[in-house]
Amino acid sequence: MTTNGPSAPQAKRVPHERIHHGDVFVDDYEWLRDKSDPEVIAHLNAENGYTDAVLAPQQELRDRIFAEIKGRTKETDLSIPVRDKDWWYYARTVEGQQYGISCRAPYREGDSRPVPTPEASLPGEQVLLDGNVEAEGKDFYSVGGLALSPDQNRLAALMDFEGDERYKISVRTISTGEVLEESVTGVGYGLVWAADGESYYYTRVDEAWRPFQVWHHVVGEDPSTDTLLFTEEDASYWLGIGGTHDDRWLVLSLGSKDTAEFHLLDLQDVDAGLRVVQPRTPGLDYDIEIDGQRLYIVHNRDRVDYDVSWAPLATPGIEHWQPLLEGGEGERLMGVSAFRDFVLVGLRSGGLATVKLLPKEGDGFGVLRDLPFSGELMSVGVGANPTYEATTLMVATESFVEPRSVYDWDTTTDEVTLLKRREVLGGHEPSDYQQHRLWATAPDGAQVPISLVAHKDVEADGTNPVLLYGYGSYESSIDPYFSVLRLSLLQRGVVFAIAHVRGGGEMGRSWYLDGRLEHKRNTFDDFVACGRHLVDTGWASPDRLAAEGGSAGGLLIGAVINEAPELFCAVVTQVPFVDALTTTLDPSMPLTQGEWEEWGNPLADAEVYAYMKSYAPYENVRAERYPAVLATTSLNDTRVFFVEPAKWVQQLRRTVTSDQSERPILLKTEMVAGHGGVSGRYESWKEAAFETAYLLDRLGATQIVYGG
């Protein structure tokens, strides 16, 4: 692609000195941080205009891809009804409408699971929340959570109309739809109803957008009279709240990257106050599940990949933890869910997510059982199963080539019944595609897994267009998943690959530990090794190899193209964390103090400062030929400020030696959106089509080769 016409916006240079540990870094674009400055907004609008002009020839391709997504998607559809107490709960989507509709219908004793049709209502159907009604007249709309009162007569919804993840709580009577109040605003995630359904608990965030307080509010009362339940003063700890399946307990979780602490409030005896499970102990990470008078604890006290212990709920401290389950070799225990007759254990094994069942036998436990699901590069997880007494559970499976399938699994007989498989309109045949697990060798000898999917007729002959995706932070794992959007790539001959780099959690806790703090460079080296492995094995060539990553994955891509710019022809970075050192040096910024355990504290430690500066994308742009760059961001992003990619794009333009008419550097800013991008499914599809068309154009793969 060669661009002619408009010139790229050049922001003015206003030198700003950042001085730490004797090091002086002159930042010419720090002034772009102030989104209240009309000149900043004008610059972002100019960038959008330039991007639109440069990519205007791709409009027809975007339209085709959007039509392909839409044409493969069953737009009028509904989820599988899930029973909770006296109701079946499910969600509807309707063709032409942007948002889902949450619904319920009555359950009667002895009823089997209803099989509703997408076009018709169930008898007695009630609408809990219609996102299309709530979003009417709004540029952005997102729901941060829904919470039912214990008697299931009231609904509390957390609503965001800016994209900044600060929510208004809307409380309404379900049967009538009457809005009871919307006076509590500016809150964080999480809401738990009190036992009487007349009040609830919610969280507030501090100036750095860290959830740090829990408040109690009585419905109908002025929020100024709300009662403070708890404050977390340590800025490295993130606070969250949740309830239990029996509505008995409020669970208050506190966690840094390495250490956890939980408090419990008995909602039937709130005067007793909060009581701690196990006080925070540096390096002790744990999670809990309440099961009657027993508490399960998933912890790293004895093993880096975690074990499961139990303790009496009345005496939950570490001195009372009794061994229950130790993971096998190569298994990372992730969490447990308690039911009347068994405990489900979530874990990672062989780089994949799966679930096992531990039966209860009298006062003890039986032998751990595998679930009757298996397949190549398949993810297995449990669906929504809110009924404690259930013996038949919803289980979901998915792979790169098999759409998501949801089953009823009878735990007593192992009988499996398919409830719903995601329908791909126009047809989809999994056997038309191939998927593989490859292994790249990192510079230090580590074997890094690569997941790869392509059309069955694609051969590793060095001519393929390839998109390599990565993330690699916070122990987050990218498990096999099906995507109708990806079919638009695969049918055009593109090979899609995921680099499971260190810093993620695919291969266990050590995989994460080896890609953070002073080991962070392993993340970038692993990704480069994966790219080179694809080239060396004939799957790719540098002139047709693109890379993509978002947020911390944007940091990955930014660092990688500094390290190996010759390896890629184009990259897409979504809300990229590319000015990581500047952000991590400012403790007033959202998330910064909590992030010091992920990246290190460059403010306090000169060695950490030097190490981060050695890989931070913004500081290390080189005078080399770079790939084409498309950076996307949102003005109201609370997690990664828009200024990071805005500055980075300017630094790239003025430094790289690429012919920028051939390999342009582009910035696209959503002016009313947050970290997750635009709202509404059709708008999200358009955004996806925009980025996909860009990649296909850069890869020279705009025409359908297989199927279509």
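**Exercise 1. Does T583 count as buried or exposed?**

Solution. Begin with the ground rules: this is a predicted model in which local features need pLDDT of at least 70 and side-chain atom pairs count only at pLDDT 80 or more, while totals for chains, interfaces and linings use all residues. Residues are numbered from 1 along each chain as its sequence is written, and side-chain values use heavy atoms, with hydrogens and water left out.

Step 1. Apply the cut-offs: buried means under 20% relative accessible area, exposed over 50%, and partly exposed in between, with a 1.4 Å probe and protein chains only. T583 has 7% relative accessibility, so T583 counts as buried.

Step 2. Look at the neighbours. Leaving aside residues up to four places away in sequence, T583 touches F577, M589, T592 and E644 (contact means heavy atoms within 4.5 Å). From T583 to E595 there are 12 residues in sequence and 10.0 Å in space, C-alpha to C-alpha.

**Exercise 2. Find the span of helix α6 and list its buried residues.**

Solution. Step 1. The expected span of a helix is 1.5 Å times one less than its number of residues. Helix α6 (residues 521-536) has 16 residues and should span 22 Å, which agrees with its end C-alpha atoms, 22 Å apart.

Step 1. Now pick out the buried residues of α6: N522, T523, F524, D526, F527, V528, A529, C530, G531, H533 and L534.

Step 2. Just after α6, look for G538, which takes a positive phi of about 90°.

**Exercise 3. Trace the strand pairs around β7 and β22.**

Solution. Step 1. Two strands pair if DSSP finds at least two bridges between them. β6 (residues 101-106) and β7 run antiparallel and are joined by four bridges; I101 has D130 of β7 as its bridge partner.

Step 1. Check the cover of β7 (residues 126-130): four of its five residues are buried.

Step 2. Move on to β21 (residues 294-299), which pairs with β22 (residues 307-312) in the antiparallel sense over six bridges. Here L295 stands opposite A311.

Step 3. β22 is also joined to β23 (residues 322-326) by four bridges, again antiparallel, and V308 stands opposite L325.

**Exercise 4. Describe the largest pocket and what lines it.**

Solution. Step 1. Learn the term: on a 1 Å grid over the protein atoms alone, a pocket is an open set of points where a 1.4 Å probe fits, with protein on both sides within 12 Å along at least five of seven lines, and lining residues have an atom within 4 Å of a point.

Step 1. The volume of the largest pocket is about 1,200 Å³, a volume being the space filled by probe spheres set on the points, which are joined across faces, edges and corners.

Step 2. Its lining has 43 residues, with W238, G255, S256, K257 and Y474 nearest the centre. Helix α9 gives the most, five residues.

Step 3. Sort the lining of the largest pocket by class: 21 nonpolar, 11 polar and 11 charged. Ala, Val, Leu, Ile, Met, Phe, Trp, Tyr, Cys and Pro count as nonpolar, Asp, Glu, Lys and Arg as charged, and the others, Gly among them, as polar.

Key:
Helices (H or I, at least four residues) and strands (E, at least two) are DSSP runs, numbered from the N terminus.
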